[in-house]
Amino acid sequence: MTESISPEVAARPLFILNPNSGGGRTRNRVGTIIDAIERAGMAADMVFTTHRGHGIELAEEAIDAGREFLVACGGDGTVFEVANGILGKGAGERVRIATIGLGTGKDVAKGLGIGRGNLAIKAIAGGEERRIDAGKVTARGEDGEEQVRYFLLEASAGWVPEISQSTPRWLKRLGDTAPYVIMTGVKMVGPMGRQFTLAIDGIQYDGRYNSVSVHNMELWGGDLVAAPGAAPDDGILDVIRWGDLGRRAVLKAVEGQRKGGTHVDMEAIDRHPAKLVELSSPKRTRLDLDGELGGYLPAKIEILPGALRFVAPPA
């Protein structure tokens, strides 16, 4: 049984830190992070994740104990886990979430204007919050049973998101974007397209695609602008249909993302606003959620407007 806590403790932030984020670089920064938190006038209440999925467990335990403010310290995967702990418990109205971006991508933090650690800590100390949307995904787990997960950045399937799943942790030491660009070159030796059945708000777009991605924010893969202008508080998802791109077109699309999102002007790439997306494939296909394995197709992806109370500056 989880032990309850006092109202004073419940209201102050609990920092859920992933020491393995950033290719393990965060482990050497723990003391510096604690000092920065305390200098900002906050108690450094901190717990550490030890394995994949542990952030969900720690968030759930904290909520059961009465905590009302959770801070994900790590990369986008850490934020993903803490958000899933909150939304999975149905605690989006009661529990606030924040992040200190310490991982490879930090795309959630960047998208909310708190990509730098000092800005994130200042926001946490100030306590100002904004409502942001989340995506809800109903898909299949490893055991084939139905599972529900939530995302803040993106849900995607096909060749492009499999780059994220294939990037080893040691390569992430090279920085935010470089690991994923390197893996793009490595993955080009295999097949790059597959058949999808796709419905966007009830309209069918079945066909052969390199990838299908559904975005709640602009960024993915560490500074790559996948869906320029996508906002996490507009109640809309942005769907990108990546056509059956050849190798030269893939390289052009990657470069377009690095240049701010010019890839969406390519003839083989289409973009749609959506509230409900249904996606499947005859081939066993992994689903990427915020850079993490989110199960397998078929999937139903829907928007949850204002689902999270995120402690961050106003838009």
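This briefing describes the overall make-up of one protein chain and then some of its local features.

The model is predicted, so local features are reported only at a pLDDT of at least 70 and side-chain atom pairs only at pLDDT 80 or more, while totals for chains, interfaces and linings use all residues. Residues are numbered from 1 along each chain as its sequence is written, and side-chain values use heavy atoms, with hydrogens and water left out. The protein chain holds 9 helices and 17 strands, where helices (H or I, at least four residues) and strands (E, at least two) are DSSP runs numbered from the N terminus. Of its 315 residues, 56% count as buried, a term that means under 20% relative accessible area, with exposed meaning over 50% and partly exposed in between (1.4 Å probe, protein chains only). Among contacts with a separation of 6 or more, 74% come from residues 24 or more positions apart, contact meaning heavy atoms within 4.5 Å.

**Helix 9**

- Helix 9 covers the 12 residues 247-258, which at 1.5 Å a residue should span 16 Å, and its end C-alpha atoms are 17 Å apart, which agrees; the expected span is 1.5 Å times one less than the number of residues.
- The buried residues of helix 9 are Val-250, Ala-253, Val-254, Gly-256 and Gln-257.
- Just after helix 9 comes Gly-260, which takes a positive phi of about 105°.

**Aromatic pairs**

- The structure holds 2 aromatic pairs, counted where rings of Phe, Tyr and Trp (its six-membered ring) have centres within 6.5 Å, with planes under 30 degrees apart called stacked, over 60 edge-to-face and the rest tilted.
- Phe-196 and Tyr-209 form a tilted pair, at 6.4 Å centre to centre and with 40° between the planes.
- Because Phe-196 lies in strand 8 (residues 194-200) and Tyr-209 in strand 10 (residues 207-215), this pair ties together parts that are 13 residues apart in sequence, and both Phe-196 and Tyr-209 are buried.
- The rings of Trp-220 and Trp-242 have centres 5.9 Å apart and planes at 20°, so this pair is stacked.
- Trp-220 in strand 11 (residues 219-220) and Trp-242 in strand 13 (residues 237-243) are 22 residues apart, and their pair links distant parts of the chain; both are buried.

**Charges over rings**

- Arg-96 lies over the face of Phe-69, at 4.2 Å from the ring centre, where a charge sits over a ring if NZ of Lys or CZ of Arg is within 6 Å of the ring centre and within 35 degrees of the ring normal.
- Arg-284 lies over the face of Tyr-296, at 3.7 Å from the ring centre.

**Two buried residues**

- Pro-13, in the loop between helix 1 (7-11) and strand 1 (14-17), counts as buried at 8% relative accessibility.
- Leaving aside neighbours within four places in sequence, Pro-13 is in contact with residues including Met-42, Phe-69 and Ile-124.
- Asp-238 lies in strand 13 and is buried, with a relative accessible area of 10%.
- The side chain of Asp-238 makes a polar contact with the side chain of Arg-271 at 2.9 Å; a polar contact is a pair of N or O atoms within 3.5 Å, where within protein one must be able to donate a hydrogen and the other to accept it, and residues adjacent in sequence count only if both atoms are side-chain atoms.
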